[in-house]
Amino acid sequence: MARVLVTQPLRRYTDNLGEHEVEGATVGRVMRALGQRFPELAPKLLREDGSLRAHIIIYLGDRDIRLLDGEQTPVEAGSEIRLFAALAGG
Amino acid sequence: MKAKGYMGRILRVDLSTGRSFVEELSDETAQAFIGGSGLGTKILFDETNAATDPLGPENPLIFATGPLTGTMLFNSDRFDVVARSPLTGIFGEASAGGYWGGKFKACGYDALVVKGTAEKPVYLYIDNDSVEIRDAAHLWGKETFETIEILQKEHGSSAKAAIIGPAGENLVRFANMITDGLHGRAVGRCGMGAVMGSKKLKAVVANGSRPIGVADPEELKALQKRLGLTMRENPQALRDGGTSVGYEFCEEIGNVPIRNWKQGSWTGAGKKLTGMTLVKTLLTDRYHCGKCVINCGRVVTAKDGPYAGRQTAGAEYETVGLLGSNCMIDDLAAVQKSNEMCNRFGLDTISTGNVIGFAMEAWERGLVGPGDTGGLAIEWGSVPAVHALIERIAHRKGFGDLLAEGVKRAAQRIGGDAEEFALEVKGLEPPAHDPRSKFTVAIGFATSARGACHLSAFSHDFEEGTSIEDLGLPVLTDRFAVAGKAENVAVMQHLMGMFDSLVVCKFGLFGGLTIDPLVEAVQHVTGWESFDRKRFFQSGERIFNLKRLYNNRLGITARDDRLPRRFRHEPKGGGTRDHLPPLEEMLKEYYRLRGWSEDGTPGVDKLRELGLAGYAT
């Protein structure tokens, strides 16, 4: 079970709660499970084929998963996954 | 000056006479116009008219700090520069982070106003006790990096300099100023570097150490402590990936410019140009401005050229967009090289990328050829062409001399149908945010005082379900919807006017430095006990309307609040899904909400409400 932390700007899609326990062996699976639990979040997280979109930046621990194995990054029990809304520069 | 946070003094320098003097900044002016952008706007309004030549001695070059600049508050070492723009001919401003703002204010001044023109190149040296106009013969002609190194040898590393490069000296209309040397914080837009160059002013060196008074330091400290966790944690993605951390997302939603804004998507380019790719392939360190814990700045080690092996500023989102995908270049190392060149020469990367993309399309359409370009083939995706053009623009050589005039003038001179693909609003080329992708951007571009600007409303990150907690407006969830957009942009423009006047970095919003904490910060710093949300937003609205009055006086009306043809009539597919912003419909509502006439002029009642009746034209 991973602990998914949702930063404030995205909480309106997760019942205004910032912390969720979600099952999944990889980051991708955790995100798909989260998307099923919160259908409003799903289109931001996932493409129609279930792959991850770039709209939300995902961290495992203190690392962006793009520096790891992307959605194939393995998730251990008790791992912390954080979700940030992607920014459009300045 | 009774209020704390201010130094209560404006430094005036006349480079024609060599004279400098200090005038008081009154409590009345500070309360009405705050500082930074607001103060600069008031000075510009009071001291110029339609006859003021942007490159002439009477155009004041105003460097303005705000009451929060240099205090302990997060993100507060910024400053704003205001002048009549030589690129657009109207209101011009740009702001920068780094460390110069706090260092200048600590000399004992809230603002510096430079007028006149020196007989030969000079630089200003300002510290706690002296204001000196010094000979800059040994600096003139030098690039920005070299200049900062010479100045630091002469004055020590604690001195901070705002400098121009060859582009400013050559009066390139979109020349910038660079502060913080190789870290390349830029007073980027509107050609403020050209105004400085027109005065033969190479640099302003600030080396102050006076304390900045705070009315209630304990309460400010407590606020800082409350913000500390969110300021450090919430912007982590921005810290790790930089301002282009969301580049892939931006390509997916059609936000980025591709092929002079014509193309809707470019498969694979988003991943190649995104901030994480920069992290994996080029990044060697991070950089933060004064008082900032976000650390969004990128540091890369230059691979070749005169600064090979040295750490220099990494490319930001705007640069990646305009000098990358806009020119059909998806090689991040090449874009980084372009960034370094622009910083060394002192060129705004946004305008430079737009004008080169325009040139590439002109080449493709046969409107310019080898005879015009000196044999240089300006083809899409040509890195050698981009690098050659950057050099020629900065030095006004050959075809670069035409492009140095900006996209609007260049298109007028090229003729044919060039104006149809010369993207600008009021003469200012657009930043890397497509109004066809987000409709608040359409309103923001059309109505921003300085032209196509995403920062005057900063709405682009808050249009799809994310929001500023205490903004007090409904959350926008559909970037292609019309409802609510006009009000949202107007209120955001007031909010951003305050960020630019206080002067605080807008990225603080991502860490919790939102309206209520800012109001509290102003109370604790200035001692203005009656300063509240209402006064906060009213001040922002006053400043926005004064900028509008300034532009109205120069002939700007509703007919100028428009978007370029490509944004209005050319659907581009991709993530924009062929949407085109219904600007007229949104502007009608925008003017109504603002209390402006259909002609885009603030009404008498609105001006009276804001205390601007005396400024009506």
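Axes here are lines fitted to C-alpha atoms, for helices over the stretch in contact, and angles run from 0 to 180 degrees between N-to-C directions. Helices are DSSP runs of H or I with at least four residues, numbered from the N terminus.

The model is predicted: local features need pLDDT of at least 70, side-chain atom pairs count only at pLDDT 80 or more, and totals for chains, interfaces and linings use all residues. Side-chain values use heavy atoms, with hydrogens and water left out.

I begin with helix α20 (residues 485–502) and helix α22 (residues 533–553), both of chain B, whose axes come within 8 Å and cross at roughly 90°. That makes α20(B) roughly perpendicular to α22(B) (65 to 115 degrees). Contact means heavy atoms within 4.5 Å. Residues of α20(B) including L495(B) and M498(B) meet residues of α22(B), among them F536(B) and F544(B). By class, this contact of α20(B) with α22(B) has eight nonpolar, five polar and one charged residues. Nonpolar covers Ala, Val, Leu, Ile, Met, Phe, Trp, Tyr, Cys and Pro; charged covers Asp, Glu, Lys and Arg; the others, Gly among them, are polar.

I turn to another pair in chain B. Helix α7 (residues 217–233) of chain B packs with helix α21 (residues 515–526) of chain B at about 155°, the axes lying 9 Å apart. α7(B) is therefore roughly antiparallel to α21(B) (over 145 degrees). Which residues of α7(B) meet α21(B)? They are E219(B), L220(B), L223(B), R226(B) and L227(B), and their partners in α21(B) include P517(B) and H524(B). The contact of α7(B) with α21(B) comprises six nonpolar, one polar and three charged residues.

Note on methods:
Residues numbered from 1 in each chain as written. Chains lettered and ligands numbered in written order. Helix = DSSP H or I, 4+ residues; strand = E, 2+ residues; numbered from the N terminus. Parallel < 35°, antiparallel > 145°, perpendicular 65-115°, else oblique.
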